[in-house]
Amino acid sequence: MSSFYITGGRLRSTIFRRLEEWQSCEQALLIELDPASRESRARVEYVSPPEVRPGELPAILFKSASVQGNTLYACTSTEVLVYELPSFRLLHYISLPCFNDLHHVCPTHQGTLLVAVTGLDLVVEITTSGRVVREWGVLGDDPWIRFSRHTDYRKVPTTKPHTSHPNHVFDIDHEVWVTRFYQRDAICLTTPGPRIDIAVQRPHDGYIFRDRIYFTTVDGHIVIANPKTLQVEKTIDLNQMAGQSEQTLGWCRGVLPVDERWLWVGFTRVRPTKLVENVAWIRNGLLHRHKPSHVALYDLERNTCEQEIELEPLGIGVVFSLLPVPVQPVPVQAVSVQATAPSIPPR
């Protein structure tokens, strides 16, 4: 893999107050990183317009995104943006009043979009024109009992604490699935009942690679599940690959398998928060000894961390997705071939 995309945000600097997660970033940022040279290039720098964000210190960043073909599907906390690759020309822009703390967007086989509306414990299916096709309360209830259809939640800074906190939507055999943070699982929304148990810790991403699903948990585990049996086949503790480090790896979200052996994982520096239960997984004494935001390459055969690249010097303080750069077809150039008579060997 020569390079990959990273979505996240540029941290807002402050001296006189501690910022919460929903105030943390001042700009959404998508970079392309070449891990061999450690060089990066900013592909998209974006700030949400005032009409679709809270009035004071809004968190503006790209959350989890998806790539399909030559199209990238990205979201901020209150918007969905669809880009053409590799030009990053904006194809579609959607922002709905129910959008609060969006965490992920991905396309369906029908050409619609699935959006994890984390702030309302909701998943919606929408068209690229913004029409809502379907919606699911991820706890099996009606989320509009707790929330109001008449409120513009784009203007609400946070609805935390959440009851479920859905993070990542994905497709198994044309069925819609979502990871649930507090329930430590992934469930099927279109056919209620099927469930993948992710008991080791609270999950975030669910990345389908070949015939397996790679889940990340916030404390640095990779949980590999079989989408046919819905059983966890392997759990990998990345903390054990950090050697004798006395530092917390960070808030683990994005994952990008290169193949069955090599794996890139993204980590965000852990910062103090009022929501203590969200960082309860951090080992005693390590809260103030944490690594900066970074990506790391793991060798799953040798159980080693082979490379780490800090991202804060590259502008990204909060890390969400790691995404493959689509391979662009090489144009075929016409070659003029001059016919020559075959040589005749001497007699």
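A residue counts as buried under 20% relative accessible area, as exposed over 50%, and as partly exposed in between (1.4 Å probe, protein chains only). With 0% relative accessibility, Phe 215 is therefore buried. This is a predicted model, where local features need pLDDT of at least 70, side-chain atom pairs count only at pLDDT 80 or more, and totals for chains, interfaces and linings use all residues. Residues are numbered from 1 along each chain as its sequence is written, and side-chain values use heavy atoms, leaving out hydrogens and water.

**Aromatic pairs**
- Rings of Phe, Tyr and Trp (its six-membered ring) pair if their centres lie within 6.5 Å; planes under 30 degrees apart are stacked, over 60 edge-to-face, and the rest tilted.
- That rule gives a count of 10 aromatic pairs.
- Phe 170 and Phe 215 are edge-to-face, because their ring centres are 6.0 Å apart and their planes stand at 65°.
- Phe 170 counts as buried, at 4% relative accessibility.
- Phe 181 and Tyr 182 also make an edge-to-face pair, with centres 4.9 Å apart and planes at 85°.
- Phe 181 is buried at 3% relative accessible area, whereas Tyr 182 is partly exposed at 24%.
- One aromatic cluster is formed by Tyr 5, Tyr 83 and Phe 88.

**A charge over a ring**
- Arg 253 lies over the face of Phe 320, 4.1 Å from the ring centre (the rule asks for NZ of Lys or CZ of Arg within 6 Å of the ring centre and within 35 degrees of the ring normal).
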